[in-house]
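Welcome! Take a look at the sequence and the model below, and then we will walk through some of the details together.

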Amino acid sequence: MESKEDVRFKERLSRHHDELRWLYMELYQNDDMFAELCSQMYEYYKKRRESLKIRDAYREKETDWFQKKDMLGVMLYIDNFAGTIKGVTEKLPYLKECNVNCIHLMPFLDTPKGRSDGGYAVSDFRKVRADLGTMDDLAELADRCHQNGINLCMDFVMNHTSEDHEWARRARQGDGEYMSRYFFYQDRRIPERYEQTVPQVFPTTAPGNFTYLQEMDHYVMTTFYPYQWDLNYRNPRVFNEMMYNFLYLANQGMDIIRIDAVPYIWKELGTQCRNLKQVHTIVRMMRMISEIVCPSVLLLGEVVMEPEKVVPYFGTVEKPECHMLYNVTTMATTWNSVATKDVRLLKQQMDIVNSLPKQYTFLNYLRCHDDIGWGLDYPTLRKWGMNEPQHKKYLNDYFTGKVEESVSRGELYNDDPVTQDARFCGTIASMCGVECAGFQGKKLEDSGDEEMKAAVRLDIMLHAYMLTQSGIPMLYSGDEIGQTNDYSYKQDPEKAEDSRYIHRGQFHWELAENRHDVLSVEGAIFQALDRLEQIRRQENVFDQKADVYTYDVHEDAILGIFREYQGEYLIGLFNFSDQPKTAWMQEEGSFRSLMTDEKLELKDIVVPGHDFLWCKKTD
Ligand code: GLC
């Protein structure tokens with residue numbers, strides 16, 4: 001007799017079976033391996049905890065559960081934040097105080113010390129790094145999060161493994177079965193042909209896309225660091241085994257799985273080896289596999305590419321791929337507006353995003369654990385008389401504090417001597433001037449430090465603007481108390497070469513103590529974010545289904561955003577200049593500031609330097 005369990009699984013499988021089989025055969029033409037995949041899916045389904053199956057059933061009905069206006073994420077490193085996974089469990093009350101209901105745990109799986117790329121070189125997909133805890137700790141954290149209404153997110157690093165992964169070790173011994181899971185070449189002929197068309201990810205810290213292994217006298221493909229060996233997804237064994245790893249991790253209680261560096265997973269000679277159509281076939285298959293086995297799990301694609309390359313990763317309405325994607329161009333363009341005090345490019349970028357279907361959920365962020373690359377709309381900038389290399393240089397000079405009026409502090413990343421291209425690293429507070437204005441823990445006395453107040457104002461304004469966008473806002477742990485750059489990585493030989501560690505510092509619990517004191521830098525930022533987040537939760541205009549437009553105020557320094565939902569209206573005004581500017585507008589009716597409750601008339605209104613207004617229509 002068939003159990004209820006069998007029936008549910010079979011129903012889901014039959015819903016997707018034909019399409020899944022079709023795509024699988026298109027890539028692999030291998031019936032046996034497809035049959036194995038299906039039977040393993042059932043095994044992982046059976047192993048899923050009952051509580052997760054209940055979550056699945058609930059979310060299958062409420063498919064838009066993650067598109068609610070109360071969603072707020074934070075990304076954090078377990079060791080920096082709380083030492084261990086158990087430590088994170090203990091610190092959940094703090095995260096709840098931050099209004100967070102989604103935690104992205106930065107990579108925590110086993111990785112070789114000193115050759116880890118911040119955890120993105122995984123040596124065992126089923127083992128937690130010993131100093132952080134165990135898989136059981138993770139499953140327990142997931143349960144505790146779920147009891148507290150918090151979702152858990154982790155990375156699935158699928159493009160490569162560490163050179164210490166068991167497959168890599170066996171390949172190194174010359175075992176053909178395992179060599180075929182990577183890209184090995186006896187001489188430089190094919191690698192050289194690839195190098196002609198494939199750009200470099202880390203041109204300075206890890207030049208080239210191949211690594212020579214002396215003991216094997218072979219080259220292996222390594223798009224990222226030399227110790228990260230690219231997996232060969234032409235081999236169905238690689239696809240199947242990686243899907244089993246994916247399901248294993250999902251079964252620990254994950255709600256969101258971030259698929260790392262996904263555009264890179266398919267390689268083809270003569271191409272850039274990015275965003276090839278087979279990548280979309282694989283992501284579509286992953287979506288179906290998770291909908292069959294663990295439908296409460298969402299896919300977050302890490303696609304750090306130009307907008308026209310990003311959007312296809314949502315798939316189509318009938319054949320969806322990722323549930324969520326990073327709003328990466330908007331993030332970079334935001335900082336462009338900070339440096340230039342000109343919102344025209346940002347407005348144009350927001351218009352593109354706002355015109356997309358509302359089902360497309362973006363993850364909005366001001367920065368993440370990686371560098372900020374200046375992937376801007378250069379054709380438009382050129383029309384306005386700016387050229388790409390000079391503009392990038394200006395931005396890097398600005399944010400490293402080399403431009404005279406700049407109060408930003410930070411460092412360049414992968415400053416490529418050939419292309420003269422460089423990216424930028426720094427925390428939000430440091431980029432906004434908190435570091436330059438003094439030290440953390442400083443008091444904002446009433447008549448006191450104007451420079452510090454200005455820095456804090458810019459920091460809060462940028463968060464307010466992020467929270468005005470539709471999608472899921474994602475904080476970076478430490479930013480809620482305005483943590484500045486951490487230069488200690490330079491003393492650690494394993495990190496010194498990689499300036500991304502400047503914004504991956506320890507969380508300062510002693511500074512977080514100040515969070516209730518609004519006269520401290522920490523408290524001023526923490527309390528303002530708290531207020532913004534509470535308002536965002538309460539007010540219907542922040543609903544994901546709201547109509548959102550940019551709003552022209554005839555002043556290039558002020559970004560206007562208009563939101564409308566079920567007869568309610570909000571106008572957000574964000575001044576990217578450090579000087580007071582006028583929003584030239586004539587809106588009929590009365591408005592109220594959501595932050596201060598003051599009545600407002602939106603007629604040629606002056607917005608103080610780096611300040612913002614959330615104005616809600618009251619009649
Ligand atoms: C992603 C990660 C980045 C890492 C790279 C290689 O882009 O965000 O930190 O270096 O993948 O795995």
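Are tyrosine 326 and tyrosine 365 buried or exposed? Tyrosine 326 is buried, and tyrosine 365 is buried too. Here, buried stands for under 20% relative accessible area, exposed for over 50%, and partly exposed for what lies in between, using a 1.4 Å probe and protein chains only.

Before going further, please note that this is a predicted model, in which local features need pLDDT of at least 70, side-chain atom pairs count only at pLDDT 80 or more, and totals for chains, interfaces and linings use all residues. Residues are numbered from 1 along each chain as its sequence is written, and side-chain values use heavy atoms, with hydrogens and water left out.

## Aromatic rings

A pair of aromatic rings is described by the distance of the centres and the angle of the planes. Rings of Phe, Tyr and Trp (for Trp, its six-membered ring) pair if their centres lie within 6.5 Å; planes under 30 degrees apart count as stacked, over 60 as edge-to-face and the rest as tilted. The structure holds 46 such aromatic pairs. Two of them are set out here.

| Pair | Centre to centre | Angle of planes | Type |
|---|---|---|---|
| Tyrosine 212 and tyrosine 219 | 5.0 Å | 50° | tilted |
| Tyrosine 326 and tyrosine 365 | 5.4 Å | 70° | edge-to-face |

Tyrosine 326 belongs to strand S13 (residues 324–326) and tyrosine 365 to strand S14 (residues 361–365), so their pair ties together parts that are 39 residues apart in sequence. Helices (H or I, at least four residues) and strands (E, at least two) are DSSP runs, numbered from the N terminus. In the other pair, tyrosine 212 is partly exposed at 38% relative accessibility, while tyrosine 219 is buried at 15%.

Aromatic residues also gather in a group: Phe202, Phe224, Tyr225, Tyr227, Tyr264 and Tyr413 form one aromatic cluster.

Charges meet rings as well. A charge sits over a ring if NZ of Lys or CZ of Arg is within 6 Å of the ring centre and within 35 degrees of the ring normal. The charged end of lysine 53 does this with the ring of tyrosine 45, at 4.4 Å from its centre. Likewise, the charged end of arginine 367 lies over the ring of tyrosine 476, 3.8 Å from its centre.

## Domains and cores

The domain assignment of the chain gives domain 1 (1–157 + 247–326) and domain 2 (541–617); such bounds come from an automatic or database domain assignment. The C-alpha centres of the two domains are 38 Å apart.

In soluble globular proteins, nonpolar side chains tend to be buried together. A nonpolar core is a set of buried Ala, Val, Leu, Ile, Met, Phe, Trp, Tyr and Cys residues joined through side-chain atoms within 4.5 Å. The largest one has 196 residues, of which Ile103, Tyr233 and Trp335 touch the most other members. Helix H20 (residues 450–468) gives the most to this core, with eleven residues. At least three residues of this core come from each of domain 1 and domain 2.

Contact means heavy atoms within 4.5 Å. Not counting residues up to four places away in sequence, isoleucine 103 touches Val74, Leu76, Leu92, Leu95, Cys145, Ile150, Asn151, Leu152 and Cys153.

## A buried serine

Where does serine 296 lie? Serine 296 is in the loop between helix H12 (277–293) and strand S12 (298–301), and it is buried with a relative accessible area of 1%. Its side chain makes a polar contact of 2.6 Å with the side chain of aspartate 56, and one of 3.4 Å with that of arginine 48. A polar contact is a pair of N or O atoms within 3.5 Å; within protein, one must be able to donate a hydrogen and the other to accept it, and residues adjacent in sequence count only if both atoms are side-chain atoms.

## Two positive phi angles

Most residues other than glycine have a negative phi, and most peptide bonds are trans. Cysteine 273 has a positive phi of about 60° although it is not a glycine. This cysteine 273 lies in the loop between strand S11 (256–259) and H12 and is buried, at 4% relative accessible area. Histidine 554, not a glycine either, has a positive phi of about 55°. The loop between strand S18 (547–551) and strand S19 (558–565) holds histidine 554, which counts as exposed at 59% relative accessibility.
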